[in-house]
Amino acid sequence: MDANQRSRANPYGMDEECRNCPALCETRTQVVHGYGDVGADFLFVGERPTAHADEAGVP
């Protein structure tokens, strides 16, 4: 897969039914996937998707 992702909609083919974070699963309405350049020198990791991200489906 191209390292420079142009799509925000599940660019890495992640599991749409992910249940790895049980507490988060209780409040979310959908899985919010990360996106970006997999070859980047650094990345930012958030605590969890915001309510807006959950609604829109993108971080």
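Reply: T29 counts as exposed because its relative accessibility is 64%; exposed means over 50% relative accessible area, buried under 20%, and partly exposed in between, with a 1.4 Å probe and protein chains only. This is a predicted model, in which local features need pLDDT of at least 70 and side-chain atom pairs count only at pLDDT 80 or more, while totals for chains, interfaces and linings use all residues. Residues are numbered from 1 along each chain as its sequence is written, and side-chain values use heavy atoms, with hydrogens and water left out.

T29 sits in the loop between α1 (22–25) and α2 (51–56). Helices are DSSP runs of H or I with at least four residues, strands are runs of E with at least two, and both are numbered from the N terminus. The chain has two helices and zero strands.

The side chain of T29 makes a polar contact with the side chain of D54, at 2.8 Å. A polar contact is a pair of N or O atoms within 3.5 Å; within protein, one must be able to donate a hydrogen and the other to accept it, and residues adjacent in sequence count only if both atoms are side-chain atoms. T29 and E55 are 26 residues apart along the chain, and their C-alpha atoms are separated by 7.4 Å.

H33 is also found in the loop between α1 and α2. H33 counts as buried because its relative accessibility is 4%.

H33 is among the residues nearest the centre of the largest pocket, together with V32, G34, P49 and P59. A pocket is found on a 1 Å grid over the protein atoms alone, as an open set of points where a 1.4 Å probe fits, with protein on both sides within 12 Å along at least five of seven lines; lining residues have an atom within 4 Å of a point. The lining consists of 35 residues, and α2 gives the most to it, with three residues.

For the chain as a whole, 17% of the 59 residues count as buried. Contact means heavy atoms within 4.5 Å. Of the contacts between residues at least 6 apart in sequence, 54% join residues at least 24 apart.
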